[in-house]
Amino acid sequence: MGTQRVTDDLDRLLELLPDAVQEQLREEEARQQLLEVVLDLGRLPEARYPGRALALGSTPLSREDLAAVVARIGQFGGDNRAGIERTLHRISAIRNRQGEVVGLTCRVGRAVFGTVAMVRDLLDGGQSLLLMGRPGVGKTTALREIARVLADELERRVVVIDTSNEIAGDGDIPHPAIGRARRMQVARPELQHQTMIEAVENHMPEVIVIDEIGTELEAQAARTIAERGVVLVATAHGNALANLIKNPTLSDLVGGIQAVTLGDEEARRRRSQKTVLERAADPTFPVAVEMHSRHRWAVHTDVAATVDQLLRGLQPRVQERELTAEGGVQLVDPPQSSGLLSPPSPRPAAGRPVSVPVSVPQTSAAEASPPAPPENTDVLQVLCCGITPRLVDETIRSHGWTARVVDDLSEADVVLSIRLGLSRQPSLRRQARDLGIPILVIKSDTLPQVTRAMARLLSRRASETAADAIAPDRASKDDEFAALEECRLAVEQVVMPQGRPVELLPRTERVLRMQADLVSRYQLRSDVFGQAEQSRLRVFPP
């Protein structure tokens, strides 16, 4: 596979700029990686590059200079954008209250051939594909290349909905970068959804390519098109799939979100609240890509499963792909599991007991702030319980620590968990205790907390001191406290005021005795049901 090839018509854009700005950008070095040129009235012109900006000259832009540039550009559209015919450059205007142009953003458009290698295998599958990422990361560039490959190499009937002429360039003749794909222009941005439906009804496409789905009408049009059997390739506002789920306007693209009230038995089986969020329908886009940079993308090959896992608080499996210097694609991170073992079998129903929320104390900041770890040649193998494995991976990479995340408890040197993670996985806690694997409990699933925890683990491992803050006994005490708090809340919030029985979570024999003793102090009756790992206490009303 060859390396990326970049083509642009930069001279045609620079010809529109003031002479002083052209002179500053005459050297080839000044043109490399140029993203845009900003012209604001009364300020120095500015050239912007990835991660930096450079002032052009020492003379602020005058009103005459700005007016001359606007005259060369010609007419702006309803979205305050203009272009140069048969190029990919885009010029956007800033206006004052009187409608006069007081600023211009001249964005360089480049046709980059080779970016499609990141998702070339996904195009063969015939599924709709959604691209997400921050502005400037290359979404439109990738969209353009995907349209060309689908039309020329896969010989599909492709129609590009080009609202701002950003995909196929300005003018009536599309830019060669989209290959044989056809282009439909949009009269006004607010009419994009109508043009999408018109394309399906009038031109029999197999694939429709759309840039920037941003309104509810456009999201509805996308679902209508997908239901007619037409493949969609589109970009959407949002950096990641998790952002899209929280966006009420665009969440329908990934299936939509609805609140569902569970019955007592189902809520207890899931060990969740009675009102939960669930996916409402199949996603319009079964495959999604998060573009973290121009050379690193995260691919969700099953959006439905990803959304379901995110709504349940789990970490989905993601393929991290990276484009090499030779133009090849490599997986930089193998797919990670959520770090949780399978939950134990659901408890049998009895009576009509109800589940009760458990409040557990938080680890103090002092406990979670160990010193930076010294060098250690051994690789520390960490199993995550209720903690996002990607956070641990990110911490390890950023600090260069000798550690890695594992999926199997038998391979782990330590278990890193939040407290609720332990209470929801009693089998994991017991297995870790049986294997003599220490457990470190932290306050929350955040990057600072994970970073301090990893530093603490590595420091303890290197020094091999006896004061081990992550011993299984510590985890056991945390579990005992959580069990007693669960019992207290059940008695005070349900059993006594409502006169209803409550069945608590499965616990060890020692913890069950402690719970029964607590119940007796309220002058209530309790009994143990179930066997072995499923032994649990049921509390009865007076």
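Colleague: What does the side chain of Glu 503 make a polar contact with?

Modeller: Bear in mind that this is a predicted model. In it, the Glu 503 side chain makes a polar contact with the side chain of Arg 536, at 2.9 Å. There's also a polar contact between the Glu 503 side chain and that of Arg 538, at 2.9 Å.

Colleague: And where is Glu 503 placed?

Modeller: Glu 503 sits in strand 24, which covers residues 502-503.

Colleague: Why does Glu 503 count as buried?

Modeller: Because its relative accessibility is 3%, and buried means under 20%.

Colleague: Which residues are on which side?

Modeller: Val 158, Val 160 and Asp 162 are on one side, with Val 159 and Ile 161 on the other. Both faces are covered. As a general point, side chains in a regular strand alternate between the two faces of the sheet.

Colleague: How many bridges join strand 10 to strand 12?

Modeller: There are 4, and the two strands run parallel, strand 12 being residues 207-213. Ile 161, for example, has Ile 210 in strand 12 as its bridge partner.

Colleague: What about strand 11, parallel or antiparallel to strand 10?

Modeller: Parallel, with 4 bridges joining strand 10 to strand 11, residues 182-185. There, Asp 162 has Gln 185 of strand 11 as its bridge partner.

Definitions and conventions:
Residues numbered from 1 in each chain as written. Predicted model: local features only at pLDDT ≥ 70, side-chain atom pairs only at ≥ 80, totals over all residues. Heavy atoms only, no water. Buried < 20%, exposed > 50% of the residue type's maximum accessible area, 1.4 Å probe, protein only. Pairing = 2+ DSSP bridges. Polar contact = N/O pair within 3.5 Å; in protein donor to acceptor, adjacent residues only side chain to side chain.
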